[in-house]
Each structure stands twice: as C-alpha cells, then as structure tokens.
Amino acid sequence: MRILLVDDEQELVSTLAERLSMRGIDADWACSGEEALEKAGRQNYDLAVLDVKMPRISGLEVKAEMEMIQPELRYIFMTGHGSANDFYSGSSDAKTVGYLIKPVNIDILIGKIKEALSG
Amino acid sequence: MTDHWQTLGEEGIQFMGKMSASISHELKNVLAIINENAGLLNDFCLMAERGMEIDPERLARISGNIAKQVKRGDQILKNMNRFAHSTDHPLSTVDLHATLAMVVKLATRFAANRVVTLTTTPTNKPLLITSRPFLLANLLWRCLDRSMNFVGTEKKITLSAVTKGEQTLIIFNGLSDQPIEEPAIFPSQQDSDLLTILQCTLTTASAVGELTLTLPQTTGN
C-alpha cells in the first residue's frame with residue numbers, strides 16, 4: 001500500500017512518513033496542495049491523508065482535484081480544529097474514511113488506513 | 001450600555017474568539033510535531049532494545065526538532081499572554097511598536113493562508129501613547145484583515161508607527177492600487193465605532209498603496 005501525507009507543516013509529515021515506513025507502510029509526503037497534486041499526477045497512491053486547512057488550496061479542494069486524477073483514491077482528513085464541522089461540511093462521502101484531530105495517534109491512523117484499504 | 005458599545009462588545013468577543021481559535025490551531029500543530037518526534041524517539045528506543053544500532057546524530061536531530069517546537073510554542077504563548085492582558089485596563093499607556101508586533105504575530109497564520117507576508121518596521125525606541133489597548137488591537141486587526149485582501153504584487157504588508165507633530169500615525173504599506181474603501185464593507189459600522197472611540201481617523205492613498213491610521217497622543221475616557 002502506498003499513501004500520501006499532505007500538510008503545510010513539513011516536520012510533521014516527514015516525521016509521520018518515517019514512522020509509518022518503519023511500520024511497513026510506504027508513505028510519501030507533500031507540504032502543499034500544489035505539491036500533492038503534482039505528485040498524484042506522477043504516481044499512484046491508495047490513500048491520501050490531508051490537512052484540512054492549508055495555504056492557497058485547502059485539503060477539501062485538494063481532494064476534489066485528486067478525485068479527477070485518481071478516482072479510486074481514499075481519504076483521511078486531519079485537522080488542528082477541535083470540531084468536526086470542516087469534515088462534515090464537505091467530506092462525508094464514501095471515499096472519505098476518517099477524520100483525525102491533531103496530535104494524531106499513529107496506531108489509530110494505521111487502524112484507519114488498514115480499515116480503508118481492506119474494505 | 002449604548003448601541004455603540006454593544007456593537008464593540010460583540011465585535012470584541014468575535015475578535016477574541018477568532019484569535020484564540022487561530023492560536024489553538026497553531027499550538028495543535030506544535031504539539032503534533034512534538035508528538036511525532038517523541039514517537040520517533042520511542043521507535044528508536046524499541047529498535048535499540050532489539051539490538052539495532054541507532055545513529056546518535058539522528059537522535060540529536062530529533063531532540064533539536066523538539067526543542068525548536070518548544071521554542072515556537074513558547075513564542076505563541078508569550079504573544080497570547082500579551083494579547084490576553086490587553087484587556088486588563090480599558091485605558092493605559094501602550095507601546096505602539098509592541099502592539100503592532102503583537103497584532104502581526106496574531107495575524108501571521110491568517111496571512112500565511114492568503115500567502116501574504118507581514119512585517120513591522122524595526123525600531124529600538126518605544127512609541128508610547130495612551131489608548132485602549134484591546135480596542136486598538138481590534139482596530140489594527142480589522143485594518144490588516146482588509147489590507148490583506150488588497151495586498152500589492154509583492155504580497156508583503158509592512159506596518160510602521162511614526163509620530164508627526166502632535167499625532168501618531170500607523171501606516172500599512174504594500175497595498176495594491178485598488179480602492180480599499182467600499183460602502184457597507186469597509187469601513188463598516190464596527191470599524192467606524194472603533195475609530196470614534198479611539199479618536200482615530202483612517203485615510204487611504206491607493207496611488208501609493210497605503211492605509212494610514214492617525215491617532216491622538218492620548219485617547220480620552
């Protein structure tokens with residue numbers, strides 16, 4: 001399985017990717033919506049973990065663009081906000097399999113990833 | 001309470017809420033990065049227990065990452081503390097340079113979302129006036145928020161405070177040449193109420209991309 005982590009906090013996504021790789025999950029990362037779309041145009045992923053709020057292109061907008069590039073992709077959203085409003089306002093569809101509040105518990109994230117990709 | 005103050009009370013609560021939400025969002029990111037680095041250290045500990053060799057330089061880098069985020073979090077909290085204390089006294093002596101720096105830090109995340117850079121003109125000397133600290137911060141935020149929608153091609157807004165005779169000016173520089181004032185939107189009723197209570201005037205010079213607030217040395221009761 002190959003996943004793409006997207007967040008404008010580079011230290012967060014790079015470290016999370018390293019930890020997921022240690023657990024046998026092939027994780028790539030991007031620090032902006034533009035970089036994520038560029039990567040999705042070059043290689044296939046099974047799942048994208050998207051920060052909701054990012055400069056220029058939000059996580060929800062990235063998802064809308066990615067759906068055109070890779071229609072089979074699944075999504076998990078993560079946010080610093082304590083409310084689920086952002087998620088339920090635009091992402092409660094079959095392709096979106098989870099919504100996590102930062103700081104993310106890696107075991108819960110892995111559980112969501114496995115759940116998404118086994119279904 | 002007059003309508004005037006009621007409007008400002010509601011606006012003030014919204015301002016406080018907006019800034020608090022932004023600060024908490026920023027702190028969540030700081031904690032998330034610390035969380036991942038602490039987790040990575042734990043991963044390396046488990047690997048070491050299984051006999052794997054761990055590069056000390058790698059551990060030093062993780063420790064450095066955590067220290068960097070602790071420093072970042074401390075700066076955010078210091079600014080939040082300064083902001084919270086702006087409500088202590090309705091009327092007090094304020095250093096305008098420090099107030100500008102505080103508002104710019106509060107607005108940094110909003111600016112980043114709009115791909116705008118905010119700076120203040122560096123200075124070593126305080127510029128003291130008597131004013132209403134919280135309402136002044138609120139007015140500065142509202143002007144900055146509006147200015148960010150009218151930023152010039154360099155995408156950089158510089159705030160500076162200077163004295164001119166008996167008056168003090170706060171200048172927002174780096175705006176586009178488009179008219180920033182728009183009936184019913186800016187200055188709004190809230191902006192006008194803040195300007196009145198702070199005894200300020202707002203002028204714009206679209207040709208040079210500037211918005212200027214003119215303040216008295218002392219705001220009356």
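Student: Which domains does the assignment give for chain B?
Tutor: It gives domain 1 (3-85) and domain 2 (92-216) of chain B. Those bounds come from an automatic or database domain assignment. Keep in mind that this is a predicted model, where local features need pLDDT of at least 70, side-chain atom pairs count only at pLDDT 80 or more, and totals for chains, interfaces and linings use all residues. Residues are numbered from 1 along each chain as its sequence is written, and chains are lettered from A and ligands numbered from 1 in the order in which they are written.

Student: How many Å apart are the C-alpha centres of the two domains of chain B?
Tutor: The centres of domain 1 and domain 2 of chain B are 28 Å apart. Still, 13 residues of domain 1 of chain B contact 15 residues of domain 2 of chain B. Contact is a C-beta rule: the two atoms, placed from the backbone, lie within 7 Å.

Student: Which element gives the largest share on the domain 1 side?
Tutor: Helix 1 of chain B, with ten residues of the side that touches domain 2 of chain B. Helices here are DSSP runs (H or I, at least four residues), strands are too (E, at least two), and both are numbered from the N terminus.

Student: Switching topic. How many residues does each chain put into the contact between chain A and chain B?
Tutor: Chain B gives 16 residues and chain A gives 16 residues. On the chain B side, helix 1 (3-49) and helix 3 (96-113) of chain B each supply at least two residues.

Student: Now chain A. Where is confidence lowest, and where highest?
Tutor: Lowest in helix 4 (residues 85-90) of chain A, with a mean of 56. Highest in strand 2 (residues 26-30) of chain A, at 98. The mean pLDDT of chain A is 91, and 90% of its residues reach 70 or more. pLDDT is the predictor's confidence in each residue, from 0 to 100.

Student: What does UniProt place at Asp51(A)?
Tutor: The unreviewed UniProt entry lists "modified residue: 4-aspartylphosphate" at Asp51(A). UniProt positions use the numbering used here, feature names are shortened, and annotations may be inferred rather than shown by experiment. Asp51(A) is in strand 3 (residues 47-51) of chain A.

Student: Why does Asp51(A) count as buried?
Tutor: Because Asp51(A) has 26 C-beta neighbours inside 10 Å. Buried takes 20 or more other C-beta atoms within 10 Å of the residue's own, with C-beta atoms placed from the backbone.

Student: And which residues does Asp51(A) touch?
Tutor: Leaving out residues up to four places away in sequence, Asp51(A) touches Val6(A), Asp7(A), Asp8(A), Gly59(A), Met78(A) and Thr79(A).

Technical notes: Buried ≥ 20, exposed ≤ 12 C-beta atoms within 10 Å, placed from the backbone.
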